[in-house]
Amino acid sequence: MSRKKIALVGAGNIGGTLALLAGLKDLGDIVLFDVVDGVPQGKALDIAQLSTVAGFDSKLAGSSKYTAIKGADVVIVTAGVARKPGMSRDDLLGINIKVMQAVGEGIKKNCPNAFVICITNPLDAMVWVLQQASGLPANKVVGMAGVLDSARFRLFLAEEFNVSVEDVSAFVLGGHGDTMVPMVRYSTVAGIPLPDLIKMGWITRKRLNEIVDRTRNGGAEIVGLLKTGSAFYAPAASAINMAESYLKDKKRVLPCAVSLNGQYGVRGMYVGVPVVIGAGGAERVVELQLNASEKAMLNKSVGSVKGLVDVCKGIMKGTP
Ligand code: APR
């Protein structure tokens, strides 16, 4: 059996970390692609040298030509630019739409059977553009956000309760932004839901609300600290979890941005929901019964994703 091939489109902070983690987990051979010639080659060579010390056999290559991603089984996309001072949200969208269109074309030509994970922000809109541009089936193009947002929520809860992160499970619904919906009712410590932990006196509702808010602003908190960039270790690890579930057909149930087809009352849009990730890609959306307040929060989040996608549609038609 030949080794799997993982293509990383964008060899910046997240791209480099993805290559390192994919190597350490021995997921397959790795190719880094970036428009800035030299960077993907340099990072590939550095990690290849690390492989001898760490003891893994992944082959690493770097390139600024799309042909390098030929035949990839998984493509993880981080290409794009981050918002800079003075740049409006629409300026950023305009640039990253063009990047997603170029990347989508490259995927369509070189690896149309790949499972594609988008990380580029604004995530829920960019993954939609990428799916449209690549023409790949919607179940093979997903966005990484929920695993990261849930990881942040889990960490904050584990720290609050002083228990192992392994025993805290949590997930969030909705778009990747401050309208995301951390699902308190379905988040647990060793199977005990958070509302029960409030009753047991482990935490107050007020403190839990503070943790929910911190989760919603988890990305901004790191940007505020780093000042020159955004989070990259945890986003990379989250996408690697999704890639591993696909490559090994683990069928993990992970919150991902997937194209909905009527579930949660949403059609033709990417929204974060729990989904089974296996060899078939996004195999099955888990549709929860939401209560009235969860439904209202999700609708608000879907509304903000729709607003972004509508702006994208306008820009793509040349009428922003
Ligand atoms: N094709 C390929 N790569 C590109 C293109 C393109 N058209 N345009 C830009 N890039 C590359 C840049 O050269 C850079 O190396 O994308 C890389 C982005 O890397 P960073 O700026 O370091 O950003 P990173 O922290 O990795 O985040 C990437 O993920 O979480 C999101 O908001 C984040 O949208 C951002 C993305």
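Student: What should I know before I start?

Tutor: The model is predicted, so local features need pLDDT of at least 70 and side-chain atom pairs count only at pLDDT 80 or more, while totals for chains, interfaces and linings use all residues. Residues are numbered from 1 along each chain as its sequence is written.

Student: How are helices picked out, and what span should helix 1 have?

Tutor: Helices (H or I, at least four residues) and strands (E, at least two) are DSSP runs, numbered from the N terminus. The expected span of a helix is 1.5 Å times one less than its number of residues. Helix 1, residues 13-24, has 12 residues and should therefore span 16 Å; the C-alpha atoms at its ends are 17 Å apart, which agrees.

Student: Is helix 1 mostly covered or mostly open?

Tutor: We count neighbours: a residue is buried if 20 or more other C-beta atoms lie within 10 Å of its own, exposed if 12 or fewer, and partly exposed in between, with C-beta atoms placed from the backbone. Helix 1 is mostly covered, with 9 of its 12 residues buried. Among them are Ile 14, Gly 15 and Leu 18. The cover includes strand 1 (5-9), strand 2 (29-33) and helix 9 (233-247).

Student: How does helix 4 look by the same tests?

Tutor: Helix 4, residues 123-134, reaches 16 Å from its first C-alpha to its last, close to the 16 Å expected.

Student: Which residues are closest to the ligand?

Tutor: A residue is near a molecule if its C-beta atom, placed from the backbone, lies within 6 Å of it. Here 26 residues surround the ligand, and the closest are Gly 10, Gly 12, Ile 14, Ala 79 and Asn 121. Helix 1 and helix 3 are the elements that give two or more residues to this shell. For classes, Ala, Val, Leu, Ile, Met, Phe, Trp, Tyr, Cys and Pro count as nonpolar, Asp, Glu, Lys and Arg as charged, and the others, Gly among them, as polar. The shell has 15 nonpolar, 10 polar and 1 charged residues.

Student: Where does the cis peptide bond sit?

Tutor: Most residues other than glycine have a negative phi, and most peptide bonds are trans. In this model a cis bond joins Asn 121 and Pro 122, with omega about -5 degrees. Pro 122 is in the loop between strand 5 (115-118) and helix 4.

Student: Which way does phi go at Ala 190, positive or negative?

Tutor: Phi of Ala 190 is positive, near 50 degrees. Ala 190 is in the loop between strand 10 (188-189) and strand 11 (192-193), and counts as exposed because it has 11 C-beta neighbours inside 10 Å.

Student: What about Tyr 264?

Tutor: Tyr 264 also has a positive phi, about 55 degrees, although it is not a glycine. Its place is the loop between strand 12 (252-261) and strand 13 (267-278). Tyr 264 is partly exposed because 18 other C-beta atoms lie within 10 Å.

Student: How far is Gly 219 from Asp 149 in space?

Tutor: They are 70 residues apart in sequence and 8.7 Å apart in space, C-alpha to C-alpha. Gly 219 lies in helix 8 (residues 218-226), and is buried because 20 other C-beta atoms lie within 10 Å.

Methods
Contact = placed C-beta atoms within 7 Å.
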